[in-house]
Amino acid sequence: RESHYLQNIFLLSSFALYLSLFAVEFYFSLKIWWVVPLFFIMTYLLTIQGFAGFSLPSKKYFYLLIATLIAAASWALSFWPSHFFVDTVILFCFFYLLWLFSFSAFFGKLTRQKVYWQLFLVAIVLAFTLSTAAWRPIK
């Protein structure tokens with residue numbers, strides 16, 4: 001059975017961890033090759049925790065898939081002249097979609113209507129975030 005309270009705590013914790021990694025990269029001026037592996041490792045561990053409620057043999061492939069996609073997205077976001085909070089919101093939206101669609105598919109609750117609704121909600125969040133974002137000057 002799904003626990004929405006625990007899912008919300010998991011997603012809030014994921015956002016906080018992504019925010020902390022982007023903040024560390026920003027404030028300590030770390031090189032991206034130090035940060036991307038940390039995103040991979042953290043996302044891998046988060047997906048293990050997020051998919052812990054059920055046992056399917058195929059979920060181990062989703063650990064690697066989601067962690068690789070998030071690491072690649074964090075690398076791509078490092079080239080944007082945006083603030084680390086904006087990068088965090090964008091990366092979290094991407095993680096949210098990947099995790100939610102995988103989670104729903106594992107439980108057999110993924111429908112076309114759910115996909116469209118979640119994509120619509122994420123598009124609203126991204127449009128609002130990007131339209132109000134403070135962009136850093138390009139050096």
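Where is the place of Phe101? Phe101 sits in helix 4, and this report will come back to that helix several times. Please keep in mind that the model is predicted.

## Phe101 and its neighbours

Leaving aside residues up to four places away in sequence, Phe101 touches Leu110, Val115, Gln118 and Leu119. Between Phe101 and Ser29 there are 34 Å in space, C-alpha to C-alpha, and the two are 72 residues apart in sequence.

## Helix 1 and the residue after it

Which residues of helix 1 are buried? They are Gln7, Phe10, Leu11, Ser14, Phe15, Tyr18, Leu21, Phe22, Ala23 and Glu25. The buried residues of this helix pack against helix 2, helix 3 and helix 4.

Just after helix 1 comes Ser29, with a positive phi of about 50°; the residue is not a glycine. Ser29 belongs to the loop between helix 1 and helix 2. Is Ser29 buried or exposed? Its relative accessibility is 58%, and because exposed means over 50%, Ser29 counts as exposed.

## Where helix 1 meets helix 4

The axes of helix 1 and helix 4 are 9 Å apart, and the two helices pack at an angle of about 145°. Their crossing is right-handed. On the helix 1 side, the contact includes Phe10, Ser14, Tyr18 and Phe22; on the helix 4 side, Asp87, Leu91, Phe95 and Trp99 are among the residues taking part. The residues of this contact divide into 18 nonpolar, 3 polar and 1 charged.

## Where helix 2 meets helix 4

Helix 4 (residues 84-106) also meets helix 2 (residues 32-50): their axes come within 12 Å and cross at roughly 35°. This crossing, too, is right-handed. Helix 2 contributes Phe39, Thr43, Thr47 and Gly50 to the contact, while helix 4 contributes Leu91, Phe95, Trp99 and Phe103. Here the residues divide into 5 nonpolar, 3 polar and no charged.

## Helix 3 and its buried face

Helix 3 (residues 59-77) has 19 residues, and its first and last C-alpha atoms are 27 Å apart, close to the 27 Å expected at 1.5 Å a residue. Its buried residues are Lys59, Tyr63, Ile66, Ala67, Ile70, Ala71, Ala73, Ser74 and Leu77. Seen down the axis of helix 3, these buried residues fall within an arc of 165°, so they line one face of the helix. An α-helix has 3.6 residues a turn, so residues three or four places apart point the same way.

## Trp135, after helix 5

The last stop is Trp135, found in the segment after helix 5 (112-131). With 43% relative accessibility, Trp135 counts as partly exposed. Not counting residues up to four places away in sequence, Trp135 touches Trp80, Pro81, Ser82 and Leu130. Trp135 and Ser14 are 121 residues apart in sequence, and in space they lie 24 Å apart, C-alpha to C-alpha.

How values were computed: Residues numbered from 1 in each chain as written. Predicted model: local features only at pLDDT ≥ 70, side-chain atom pairs only at ≥ 80, totals over all residues. Heavy atoms only, no water. Axes fitted to C-alpha atoms, helices over the stretch in contact; angles between N-to-C directions. Helix = DSSP H or I, 4+ residues; strand = E, 2+ residues; numbered from the N terminus. Left-handed = near helix turned anticlockwise from the far one by under 90°. Contact = heavy atoms within 4.5 Å. Nonpolar A, V, L, I, M, F, W, Y, C, P; charged D, E, K, R; others polar. Expected span 1.5 Å × (residues − 1). Buried < 20%, exposed > 50% of the residue type's maximum accessible area, 1.4 Å probe, protein only. Arc of directions from axis to C-beta.
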